[in-house]
Amino acid sequence: MSSLEGSPERCEELSQSLAEIRDRVRTAASNDCPTLVAVSKYKPALDILTCYQLGQRDFGENYVQELVDKAGQLPDDIRWHFIGSLQSNKCKTLASIPNIYAVQTIASTKAATALNKSIPSERATPLFIFLQVNTSREDAKSGLPSLTSAESASESELVLLAKHVVTACPRLHLQGLMTIGSLTESLASSERGNQDFETLKQTRDVLQDVLRESSGQWGVDGKLMLSMGMSSDFEAALKAGSDVVRVGTGIFGARPKKT
């Protein structure tokens, strides 16, 4: 790690960008301490280390191997969030990262079960997970259907998955729900409320009511956390009550296309 050293110009650029995003998060936040996840996919470990030295600890990655490679080069008190599509055959590799903190894209009992089985026995704490909800109902988006009422929720995929995690996956902790909203809602969110964010909040409320009727530990102090909002709409997400925002371009700049 000591061999990683960036140019003064890049360090200053990242310092200014991170400070600006943090200020905007504080201004927009509707709760006391939202988590800012700096999404660093395709960005070099050096950029991450620069932000780490500025006090940033939560970083997000979309690809398992990229995360493995970076985690091996960087401080072990970084809290890594996996925010990409998770294949069951990658769970063992992902779970082997000692400081993997959260997986935000669980959308099936198969993935949850595989991840739970892959957690090393020496890990001291459960791995936080978020269930992904497709609030915009776009075919290209991953995630489970949202919930509208407790009456319609009893046999829903989301409720069944949440109960499975809480009751059958002791090495996982159901922390909350995550969504990637539609671009249309994102662009319109500065003019009106974002419907995808409202849908996730409603889904959270319904799911909480269902989970309170059964045993098991979940969420934080009886509340499921919400991970919603990215570079283009994180302020609207925070005003809507998001607990976690995922910002990449706003901190690191535009990403190169993957080759």
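Predicted model: local features only at pLDDT ≥ 70, side-chain atom pairs only at ≥ 80, totals over all residues.
Good morning. The buried residues of helix α5 are covered by several elements, including α4 (91–95), β4 (100–106), β5 (127–132), α7 and β6 (172–178).

Which residues of α5 are buried? They are Ala111, Ala112, Ala114, Leu115, Asn116 and Ser118.

Two packed helices are described by the angle between their axes and the distance between the axes. For α5, residues 109–118, and α7, residues 157–168, the axes come within 10 Å and cross at roughly 20 degrees. Angles under 35 degrees count as roughly parallel, and α5 is therefore roughly parallel to α7. The crossing of these two helices is right-handed.

Which residues make this contact? From α5 come Thr109, Ala112, Thr113 and Asn116, and they meet Leu161, His164, Val165 and Ala168 of α7. Sorted by class, the contact between α5 and α7 holds four nonpolar residues, four polar residues and no charged ones. Please note that Ala112 and Asn116 take part in this contact, and that Ala112 and Asn116 are also listed among the buried residues of α5.

Let us now consider a second pair of helices. Helix α1, residues 8–28, packs against helix α2, residues 45–53, at an angle of about 55 degrees, and their axes are 10 Å apart. The two helices, α1 and α2, are therefore oblique to each other. As for handedness, α1 passes α2 in a right-handed crossing. On the α1 side, Arg10, Cys11, Leu14 and Leu18 are involved; on the α2 side, their partners are Asp47, Thr50 and Cys51. This contact of α1 with α2 has four nonpolar, one polar and two charged residues.

I turn next to two single positions. Valine 210 lies in helix α9, which spans residues 195–211. Is valine 210 buried or exposed? Its relative accessible area is 10%. Buried means under 20%, so valine 210 counts as buried. Apart from neighbours within four places in sequence, valine 210 is in contact with Ala153, Val159 and Lys163. Threonine 50, by comparison, is 160 residues from valine 210 along the chain, and their C-alpha atoms are separated by 43 Å.

Asparagine 194 is found in the loop between α8 (183–188) and α9. With a relative accessible area of 4%, asparagine 194 is buried. Between asparagine 194 and glycine 181 there are 8.6 Å in space, C-alpha to C-alpha, for a separation of 13 residues in sequence.

Finally, the whole chain. How many helices and strands does the chain contain? There are eleven helices and eight strands. The radius of gyration is 18 Å, close to the 18 Å that the globule rule gives for 259 residues, so the chain is as compact as a globular protein of that length. Along the principal axes, the C-alpha atoms fill a box of roughly 60 × 50 × 35 Å. Of the 259 residues, 50% count as buried. Among contacts in the chain with a separation of 6 or more, 61% are between residues 24 or more positions apart.

Thank you for your attention.

Note on methods
Residues numbered from 1 in each chain as written. Heavy atoms only, no water. Axes fitted to C-alpha atoms, helices over the stretch in contact; angles between N-to-C directions. Helix = DSSP H or I, 4+ residues; strand = E, 2+ residues; numbered from the N terminus. Parallel < 35°, antiparallel > 145°, perpendicular 65-115°, else oblique. Left-handed = near helix turned anticlockwise from the far one by under 90°. Contact = heavy atoms within 4.5 Å. Nonpolar A, V, L, I, M, F, W, Y, C, P; charged D, E, K, R; others polar. Rg over C-alpha atoms; globule rule 2.2 N^0.38 Å. Buried < 20%, exposed > 50% of the residue type's maximum accessible area, 1.4 Å probe, protein only.
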